[in-house]
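Colleague: Before I use the labels in this model, I would like to see each one set against its cut-off. Could we go through them in turn?

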Amino acid sequence: RRSGRFSSAISKSVRPGCSDSEVLLNVFAHELAQRGKLQPTEEDVFAAVTDVHNRCVGGYAVVAMITGYGIVGFRDPHGIRPIVFGQRHTDEGVEYMIASESVSLDVLGFTLIRDLAPGEAVYITEEGKLHTRQCATNPSLTPCIFEHVYLARPDSIIDGVSVYKARLRMGEKLAEKILRERPEHDIDVVIPIPDTSRTAALELANHLGVKFREGFVKNRYIGRTFIMPGQAARKKSVRQKLNAIELEFRGKNVMLVDDSIVRGTTCKQIIQMAREAGAKNVYFCSAAPAVRFPNVYGIDMPSAHELIAHNRSTQDVADLIGADWLIYQDLPDLIEAVGGGKIKIESFDCAVFDGKYVTGDVDEAYLDKIEQARNDSSKIKTQAVSAIIDLYNN
């Protein structure tokens, strides 16, 4: 399970501050109980999902077990979060699996059947019978584009789009922008910040005609730094997470490539590490546009004022992170990179970049609540209270 995948929703009938997954579970359980059946049928399950869609607004992809009867999976009517299902044949018959990404099916020997459509549900009975039903009135596919930028594995296919191919195209678009804006660049080497940016960085280097090198070694035992509470903890984790290979930096003009810039803490520390390793100049490239707005559909992204690009220009951000110059991906180019493959996707949720929330019900009052709940001081207080409760219980 990942934050923002299984599941995230806002129930209009439940007070704010609760776990969104718990809210969604209770709403679904309540709607199923409303059917008044001791043994729910697929019709009852699909009717319950329909009522969940009517009561809940947001981005969610849900897998739930109805003990003794089967497993249900469903996706929000906008298709913001990904969900797929597949099958494999065994000596006992056909088995089914539901997951957030196709790679989960691959590694367990399942064959991808397809993505669930926005608003659609799949119900697999205990006997192994598969049922699907569209449960939303006006579904529309507007998937979260940040899945392709950062969250998804490159070997996954989401809504028919290869994440790997999308990231290759991101690198192409970045190279084109660099050649437009800095045709006389003096980049000696392109170095990715592992791991998500590696695919885009490789294609960027190919199109620029410069060397691609692995300049950082990653410690696999450190988690994602951008969601860690507290600036000091994030700075310490970056130093523990990456180590520079000095010979790739010494005396060179280095282009560092990352998938995105959120708080700016990580890239600032990495740029400093590159300079300490002997880089002559350090340029920085983001495969995504500037992240200026909070995510409200399940990603635990910082509050708006903790986003380094919020109300700042590109030059302001470059100065803050210590880069000699900075290039962001343009949003139209990102949309074309992800939606421009064989499978055409007309629209994406790009709210973290443009502030346009696809559900149409996110206002300043709600964003203010998000701000209060997600800032560092609030998270640190929450952790302290939780620690005290755990100490008391133990």
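**Labels and their cut-offs**

Modeller: Let me begin with helix α6, whose buried residues are T199, A200, A201, E203, L204, A205 and L208. The model is a predicted one, in which local features need pLDDT of at least 70 and side-chain atom pairs count only at pLDDT 80 or more, while totals for chains, interfaces and linings use all residues. Residues are numbered from 1 along each chain as its sequence is written, and side-chain values use heavy atoms, with hydrogens and water left out.

Colleague: What do the buried residues of α6 pack against?

Modeller: They pack against α5 (163–181), β12, β13 (211–212), β16 (253–258) and β17, where a contact means heavy atoms within 4.5 Å. Just after α6, G209 takes a positive phi of about 75°.

Colleague: Why is T125 called buried?

Modeller: Its relative accessible area is 12%, which is why T125 counts as buried, the class being under 20%, with exposed over 50% and partly exposed in between, for a 1.4 Å probe and protein chains only. T125 is found in strand β8 (residues 120–125), and, not counting residues up to four places away in sequence, it touches Y69, G70 and H131.

Colleague: What makes E95 partly exposed?

Modeller: E95 has 30% relative accessibility and therefore counts as partly exposed. E95 is found in strand β6 (residues 93–99); leaving aside its neighbours within four places in sequence, E95 is in contact with G86, Q87, R88, T90 and F110.

Colleague: Which residues is I66 in contact with, leaving aside its neighbours within four places in sequence?

Modeller: The contacts of I66 are F28, L32, V45, V72 and Y123. I66 belongs to strand β3 (residues 61–66), and its relative accessibility of 10% is why it counts as buried. I66 and L32 are 34 residues apart in sequence, while their C-alpha atoms are 9.9 Å apart in space.

Colleague: What makes phi of D159 worth a remark?

Modeller: Phi of D159 is near 50°, a positive value in a residue other than glycine. Most residues other than glycine have a negative phi, and most peptide bonds are trans. D159 is in the loop between β10 (157–158) and β11 (161–162), and at a relative accessible area of 10% it is therefore buried. N311 also has a positive phi, of about 60°, although it is not a glycine; N311 lies in the loop between β17 (281–286) and α9 (314–321), and its relative accessible area of 68% is why it is called exposed. The peptide bond from P194 to D195 is cis, with omega near 5°, and D195 is in the loop between β12 (189–192) and α6 (198–208).

Colleague: Which residues line the largest cavity?

Modeller: Its lining consists of C144, I145, F146, N295, D349, C350, A351 and V352. A cavity is a set of points, on a 1 Å grid over the protein atoms alone, where a 1.4 Å probe fits but cannot get out, and lining residues have an atom within 4 Å of a point. About 30 Å³ of space lies in the largest cavity, the volume being the space filled by probe spheres set on grid points joined across faces, edges and corners.

Note on methods:
1 Å grid on protein atoms, 1.4 Å probe; cavity = no way out; pocket = protein on both sides within 12 Å on 5 of 7 lines; lining within 4 Å. Helix = DSSP H or I, 4+ residues; strand = E, 2+ residues; numbered from the N terminus.
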